[in-house]
Amino acid sequence: MNAVRPVSPGRLPDLLRLMPKAELHIHIEGSLEPELIFALAQRNGVALPYASVEDLRGAYAFTNLQSFLDIYYAGASVLIQEQDFYDMARAYFLKAAADNVVHAELFFDPQTHTARGVAMETVISGLHRACVDAQAELGISASLILCFLRHLSETEAFETLEQALPWRDKIIGVGLDSGEVGNPPEKFARVFARCRELGLHLVAHAGEEGPPAYIWTALDVLKVERIDHGVQAIQDPLLMQRLAKDRIALTVCPLSNLKLCVFPALAQHNLRQLLDAGLAATVNSDDPAYFGGYMNDNFTQTFAATGMDAQHAYQLARNSFEASFIDETSRRRNIARLDECFESFRG
Ligand code: HPA
Ligand code: ZN
């Protein structure tokens, strides 16, 4: 499908909600709602430095990435049992299904858990079981991407990879997250080279707060297939050309960027410019429990603020399927569903 029929501004939110889409940038630990954090803390006898759900939610006033990460890692400390990881992912999949997400690739941060004595097997089997049930019960295809914490060493990343290898078949790829500035992609050159030899898909956060140089090295040193965030690419015209020419997907997270003060307001977000420059941008929720919205909130609020139209909506959803790590039959089926949605929608 090429030309998309115009849709009136009043009907556009319905189309955004209804259209099938893939989510490619969701940290599953970032989907832990305060209510579930408190329930799991009680179930596991973990003490929290917050008196109540309201108290915890009140702490969600971030000034930058690090101010968020401190609270995010504290929230993840309630995850102990296999069932906890299952329950967390299950809650996310229910939200995703309501938003017509038909495919999701979940980031997880094993080092946050193994550092507390939780076994790799506990983490992966709980998440994987939730992925299997998401397909069977909700019709969502789902897979797992293991993220290395970039504020830790490459040696620790290698140890984490080693611990995960017995469950290699339950992981489709690896990523790189946590504090970006001062931890450039090339710090992880050798471990990413090893993951590439193992046939894992490769992605990395780059250009969220960090400079365009980090996007270049994620591409040229780590050889990643997608860039997570990447919004700082706009500062570098040569990089913009490269990303457009090679159709490197950017997994953009507008509400995250707003809450972490990457942009002062959604109206100033550059998603529209990235798309209009021919980049394969997508919309994602990042850490929805912390940033005030799941997929459809990200779509509807960003479209309302930037004046994007139905053609942009189609392109974003289409990009999400083009950039998914799925087999070609599933990709074609998802794109056919998207086309069908746009053809039958009365705007
Ligand atoms: N950036 C880096 N690391 C993260 C993020 C993010 O947005 N969310 C969870 N870990
Ligand atoms: Zn992220």
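Ligand 1 sits in the largest cavity. A cavity here is a set of points on a 1 Å grid over the protein atoms alone where a 1.4 Å probe fits but cannot get out, and a molecule sits in it if more than half of its atoms lie within 2 Å of its grid points. This is a predicted model, where local features need pLDDT of at least 70, side-chain atom pairs count only at pLDDT 80 or more, and totals for chains, interfaces and linings use all residues. Residues are numbered from 1 along each chain as written, chains are lettered from A and ligands numbered from 1 in written order, and side-chain values use heavy atoms, with hydrogens and water left out.

So who's around the ligand? The shell (a heavy atom within 4 Å) includes His27, Phe68, Tyr72, Ser178 and Glu208. By class it has four nonpolar, four polar and four charged residues.

| Ligand 1 atom | Side chain (N or O atom) | Distance |
|---|---|---|
| oxygen | His229 | 3.3 Å |
| oxygen | Asp286 | 2.8 Å |
| nitrogen | Asp287 | 2.7 Å |

Taken alone, ligand 1 exposes 260 Å², and the protein buries 100% of that (Shrake-Rupley areas, 1.4 Å probe).

Now for Ser320, which lies in helix α16 (residues 310-322). Ser320 counts as buried because its relative accessibility is 2%, with buried meaning under 20%. A polar atom of the Ser320 side chain lies 3.1 Å from the backbone nitrogen of Ala22.

Technical notes:
A polar contact is a pair of N or O atoms within 3.5 Å; within protein, one must be able to donate a hydrogen and the other to accept it, and residues adjacent in sequence count only if both atoms are side-chain atoms. On a 1 Å grid over the protein atoms alone, a cavity is a set of points where a 1.4 Å probe fits but cannot get out, and a pocket is an open set with protein on both sides within 12 Å along at least five of seven lines; lining residues have an atom within 4 Å of a point. Ala, Val, Leu, Ile, Met, Phe, Trp, Tyr, Cys and Pro count as nonpolar, Asp, Glu, Lys and Arg as charged, and the others, Gly among them, as polar. Helices (H or I, at least four residues) and strands (E, at least two) are DSSP runs, numbered from the N terminus. Buried means under 20% relative accessible area, exposed over 50%, partly exposed in between (1.4 Å probe, protein chains only).
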